[in-house]
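Hi,

Here is the structure I said I would pass on. Have a look first, and my notes follow below.

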Amino acid sequence: MRRRQLLKILAGGAALAITPSFLLRDRQQALAAKLALDSDDVYWLVSVPWIKMIAAAEGTAHLGKEAYQTAYRYRKFSGYADHPRIDIPIPGDPRNRTSDAAGPYQIISTTWDLTHSDYPDIWLKDEPSFSPANQDRCALAISDRTGGSAALLAGVKVLNGHLSVSYAAFQQAIYRDSSEWASLPGHDIGADSGQHTRQVWWLWSEFQWQLWGQCGYRRRIVAPLEAMTMTSPFGPRWGDLHGGIDFAAAVGTPVRSPENAKVIRVDRDDRAGLYVVLSPEGFPDLNLSFCHLSRTDMKEGDSLKAGETFALSGATGRITGPHLHIGAWIDGGIIDPGRYLKMAEWF
Ligand SMILES: [Zn+2]
């Protein structure tokens, strides 16, 4: 059974138990275990999004299958017989060094060789040495060696049948794997050659997107505004992080709850103006903020139905004109809310 089908079956059930097979005593328990995630399932559900995130961080994810034949600086190589070992100059490197990084994870040949001597038994022998599947295995083994994988798995939680990873564990895993991947912040191994690291919010957004896809989480999301016209995206702005997306909205435009949700905060400050924070029922570690509102009758603890109007947009707080600002956090770590809103397109 494909894992995402299995999860779909489980999505409506009670909290999932992760039951080791040696604890099974009778048939009923055996059935229960079939319907629970075991540690292998959890490993794949979390590790595949992790290596896809690394490919995205390394700048190769958009190349799809082609990425497996892409060497550093987007040079192509042919054949999977062995690591291509093509030396390509690192642009602007003061010491004129080269890199022979290759594949979606941009693995260099010394790491490739070291991983083979450390992990002799993990390779698919009936495929060429540097086949796509073997490159994936190498990425998983690297993350095993750094302790990144273990750190990530230690943070796995199941909330309302929804598999999730703690932000603290994610940050720890990023730090550990940054000793091997220049695109991850922490050890900054590429800094002396001018290679840049990704921001943690960028990685957390990408990881969530991949995790939702891998787990088959699909959500019906009502657009918070009848017309969603973006006026400012999430990301770096004016030397700071714009921690949400701005949408055009005249003062007094109804703002609707994207899902069945609880109101977890109603407050006001200089920057956000009057704001409301919601937590969708089926997504326990997600928080959504709606800022610069003109009015709300909500209070903490109120329940909302999907599509229910809970506020009117406005021009309060630090703004240049009326608009609605939407922010999103998962387990306290900020993400691009566009990723969440985009889930509506899966239907
Ligand atoms: Zn904004």
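Start with P94, which sits in the loop that runs between β3 (88-89) and β4 (98-99); helices (H or I, at least four residues) and strands (E, at least two) are DSSP runs, numbered from the N terminus. P94 counts as exposed because it has 9 C-beta neighbours inside 10 Å. For that label, buried takes 20 or more other C-beta atoms within 10 Å of the residue's own, exposed 12 or fewer, and partly exposed is in between, with C-beta atoms placed from the backbone. The C-alpha atoms of P94 and D192 are 8.5 Å apart, although 98 residues separate them along the chain.

Before going on: this is a predicted model, where local features need pLDDT of at least 70 and side-chain atom pairs count only at pLDDT 80 or more, while totals for chains, interfaces and linings use all residues. Residues are numbered from 1 along each chain as its sequence is written.

Two other loop residues are worth a look. Y74, in the loop between β1 (70-71) and β2 (75-76), has a positive phi of about 65° without being a glycine. W238 is in the loop between β8 (235-237) and β9 (240-242), and its phi is also positive, near 50°, again in a residue other than glycine. Y74 counts as exposed because it has 12 C-beta neighbours inside 10 Å, and W238 is exposed with 6 other C-beta atoms within 10 Å.

Cheers
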